[in-house]
Amino acid sequence: MPSEKSQYIPPPPIPTYDEAVGGNSSTRPDWPPPPSPIDTRPDHETEAQSLLTSRPRQGDSSRHAPSGYRPPFVESDDEGSQWTLEDDDSDDGGDAQVRRQMQELEVEDPLDESSSRSSSSSWRKRIASSLPQWKWRWRLPRITVRLPRQNDSATTQDSEPAETRRRFRCPSINSAAAILLVGRLLAIFLILGFLYLLFMSDLFTNMTRRIGGQMFDPEAVRQYVQGNIDSGRMRNTLQHFTSYAHIAGTEGDYALAMDVRNDFMKYGLEDITVDEYYVYLNYPKEGGRAVEIMSEDGKEAKWTAALEEKEVGGETAGRQTFVFHGHSKAGDVRGPLIYANYGSREDFKKLADKGIDTKGAIALVRYYGTQGDRALKVKAAELAGFAGCIIYSDPAEDGFVQGDTAPDGRFMPADGVQRGAVSLMSWVVGDVLTPGWESKEGQPRMTKEQTTGLVKIPSLPLSWRDAQVLLQHIQGFGEPCPDDWRGGVPDVEWWSGNSSSPIVRLKNEQDEEERQKIWNVYGKIVGIEQNEKSIIIGNHRDAWAFGAVDPNSGTAVMLEVARIFGDLVARGWRPLRTIEFMSWDAEEYNLIGSTEFVENNLEALRKNAFAYINLDAAVWGQEFHAAASPMFRKILNKVLERVVDPIFNTTLRALWDDRNAELEGLGAGSDYVAFQDIAGTSSLDIRFEGAAHPYHSSYDNFDWMERVGDPGFIYHNLMGQVLALLILELSDRPVLPFDMGNYALALGRYLGNLWQWGEDQGVNDRFNLDPLKDAITEVEKAVSEFEKWEMSWEQTVVASSGWEPVGLGQRRCDYNSRMANFETGLLDLEFGGGIPNRTQFKHVIFGPQLWSGYDEAYFPAIRDAVDVEDWPLVQKLIDKTADIITKAAKALLE
């Protein structure tokens with residue numbers, strides 16, 4: 001009970017609802033306002049709205065709450081701040097509080113036009129642009145804070161003086177709001193965590209490219225590249241590139257290098273580079289070459305060879321290339337003429353066995369046959385004591401005996417001459433003065449006398465038109481030739497000649513540049529997953545003459561495919577791995593451009609180059625051929641299955657199977673040599689072959705290609721499709737599509753080939769091949785175990801509907817790297833390692849044999865040792881090779 005001394009003041013009566021809302025209503029004839037024609041809410045909702053109507057602003061007579069009504073006290077924070085020290089008793093302050101509470105409750109003020117225009121809070125407006133319109137409301141919790149008020153202090157029992165100080169109190173947080181706050185924050189963290197996992201794992205095994213919000217179906221990309229190869233563009237490109245001669249290092253070569261660079265830029269490739277090297281090249285002098293039959297006293301020429309081909313380039317082509325041999329020895333020599341068939345070591349031995357003295361003589365040999373490498377023909381003649389060597393094109397192998405001749409047929413005409421280099425490619429590859437290191441400025445260089453890559457006697461190529469006269473002049477000298485020495489030159493009685501034969505002069509004066517600048521051109525498309533790993537496509541640009549087949553059919557195809565992939569990038573597509581397009585220079589001179597690039601980037605290539613695809617003489621017929629590492633069998637079969645030959649109305653795969661075609665071995669004939677044999681990059685060389693083409697002659701021109709080689713450029717188009725699909729498979733498959741099982745089987749076949757070769761020579765009892773057999777068995781076991789992971793990966797991804805966790809993706813990338821590194825693991829990288837005396841070549845399985853440059857040779861080091869009958873070295877190399885193969889197998893599983 002209250003104290004008697006205290007005065008009791010009864011509480012004021014509580015007004016009824018009618019009393020609270022009815023005061024002085026007579027003074028407001030317009031209250032309540034008439035119902036809105038667009039407000040269809042029931043009366044109880046509009047009545048509740050009227051209770052929340054704010055007090056009128058001062059000076060606004062059009063909006064009044066009923067007299068006698070005092071708005072209820074509302075606890076709220078300011079919209080712009082959690083804290084306020086304003087006097088809440090002010091009219092404006094109370095009005096603002098009510099409005100803020102209405103905004104929080106999202107209640108429209110029917111008297112406020114601005115309110116009717118916006119039914120959402122400012123928070124909802126802010127997030128509308130960044131979040132989808134969910135079916136539920138998304139609102140952050142609000143903290144209700146009770147601030148100290150002046151009238152609070154006036155009602156306390158311990159009243160303070162009239163000058164009341166404002167007190168700051170800790171804000172009290174409503175418990176329900178706190179629960180909502182915590183719950184909603186947890187929801188936000190869960191969503192952010194989900195988004196983090198989504199982006200870290202990259203939904204659907206990283207295979208959806210979210211560039212510009214687009215997703216690229218791999219099958220749609222394959223169809224796109226196949227359908228957009230343009231035969232007309234390739235025709236125009238080839239016509240331009242063959243419009244003038246472009247020997248390496250010349251003005252024509254440089255002009256085309258700039259054209260390639262500009263095309264790469266136009267197509268949108270990245271990191272376009274012109275890479276310069278300084279190398280040894282030679283060039284023919286006008287009037288500096290001669291083949292003559294001398295008078296008996298040797299003072300004058302009785303007959304002089306025409307040497308040059310008929311002019312076929314036309315007025316706009318500039319000077320037609322002179323006939324000469326690249327990297328030939330300069331000199332002016334004379335001697336009796338002796339015919340030596342194909343110029344193999346066996347042929348020269350037969351001459352010696354017949355007692356024919358070859359010292360100081362001039363050798364006349366024909367192309368092809370038992371010694372396919374022209375440089376090794378010259379080298380064999382040198383070792384047999386000859387002073388010079390002439391190589392001619394015989395119609396039995398390349399002329400009218402085989403079929404129609406150019407310009408209307410595929411074979412060499414009477415005046416046609418096959419140019420080419422006579423540097424010893426199977427002995428030293430690249431710039432012959434910098435074997436094993438790049439030919440950059442400031443690098444050391446050998447002299448021409450020091451290098452083993454150059455022959456030491458002069459040589460020239462010749463047409464059969466000129467060779468016919470030479471052969472006729474040695475009739476009756478020496479020995480009659482056996483049937484297998486007789487060629488197809490008409491009106492000739494085939495004799496060998498001897499030291500009494502007519503004297504022939506061979507003159508070869510030339511310009512020699514020991515530091516001639518050449519230009520490689522590169523462009524790339526950077527990958528999005530393993531961007532440091534690369535798929536390299538290469539074609540050489542330089543030619544001995546106009547080069548329609550060799551090499552610019554490959555140039556036209558490569559540039560067209562680069563255009564297609566540049567267009568894909570412009571549309572937002574990116575491969576998983578980097579694609580690099582490379583235009584090599586000076587390939588015709590001993591594979592210089594590609595080899596110098598490899599030597600300049602050797603460690604990076606061994607680590608990161610997954611595959612190399614080579615285009616050289618890419619199109620000169622209708623029959624598809626491929627020489628490659630065994631890795632490519634599976635992917636090649638898949639690609640050939642997709643490409644249809646419109647002439648035969650079937651797939652290339654069906655045509656391939658019909659003739660029981662197989663992947664051919666890699667010899668030493670083109671730019672894949674440095675990648676496969678030095679860097680250990682799995683390599684593939686592809687081409688459409690015909691019966692023949694006028695190889696390295698001026699007849700290999702645009703007119704021949706358009707009329708004979710590929711009318712309509714149909715097979716250029718098919719080659720473009722094959723190349724583009726190969727690039728897609730290698731660069732954009734999540735698991736690298738290498739055929740490890742076929743590699744293991746191929747090793748067994750190569751060993752059988754080596755055994756049969758030794759059996760044919762009767763030497764298998766001199767060494768033991770069992771270590772190689774055991775090593776290959778280890779490879780078969782390792783590959784069988786290794787390939788299980790891919791099946792497991794596929795099952796995991798399929799079971800999770802395309803979801804690849806980040807850890808699994810990393811293991812997949814490691815799996816790809818180990819697969820590609822198997823080839824690199826077959827290199828002999830110990831100090832001084834490689835093929836003995838030819839240590840540039842490091843691969844223990846592939847490489848050129850010493851005396852068989854163009855032909856493929858398996859286990860070349862072992863074969864070389866067998867050739868020289870060094871049996872301890874043979875066994876040592878067998879054991880070493882077996883050890884390297886075993887280590888490569890174990891690396892697959894580590």
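The buried residues of helix H18 are covered by parts of the chain that include strand E13 (623–628), strand E15 (650–651), helix H19 (652–658) and helix H22 (714–732), where contact means heavy atoms within 4.5 Å. Helices (H or I, at least four residues) and strands (E, at least two) are DSSP runs, numbered from the N terminus. Within H18 itself, which spans residues 633–642, the buried residues are Ile 635, Leu 636, Asn 637, Val 639 and Leu 640. Here buried means under 20% relative accessible area, exposed over 50%, and partly exposed in between (1.4 Å probe, protein chains only).

The model is predicted, so local features need pLDDT of at least 70 and side-chain atom pairs count only at pLDDT 80 or more, while totals for chains, interfaces and linings use all residues. Residues are numbered from 1 along each chain as its sequence is written, and side-chain values use heavy atoms, with hydrogens and water left out.

Aromatic rings come next. Across the whole structure, a search finds 28 aromatic pairs; rings of Phe, Tyr and Trp (its six-membered ring) pair if their centres lie within 6.5 Å, and planes under 30 degrees apart count as stacked, over 60 as edge-to-face and the rest as tilted. One of these pairs is tilted because the planes of Tyr 339 and Trp 494 meet at 55°, with ring centres 5.5 Å apart. This pair links distant parts of the chain, 155 residues apart: Tyr 339 belongs to strand E4 (residues 331–339), and Trp 494 to the loop between helix H14 (464–473) and strand E9 (503–525). Tyr 339 is buried at 0% relative accessibility, and Trp 494 is buried at 5%. Tyr 743 and Phe 822 have centres 5.3 Å apart and planes at 85°, so their pair is edge-to-face. Helix H23 (residues 740–761) supplies Tyr 743 and helix H26 (residues 806–824) supplies Phe 822, 79 residues apart.

Most residues other than glycine have a negative phi, and most peptide bonds are trans. Yet the bond joining Ala 406 and Pro 407 is cis, with omega about 10°, and Pro 407 lies in the loop between helix H13 (395–398) and strand E7 (420–421). Leu 591 has a positive phi near 60°; this residue is found in the loop between strand E11 (577–584) and helix H16 (592–600), and counts as buried at 0% relative accessibility.
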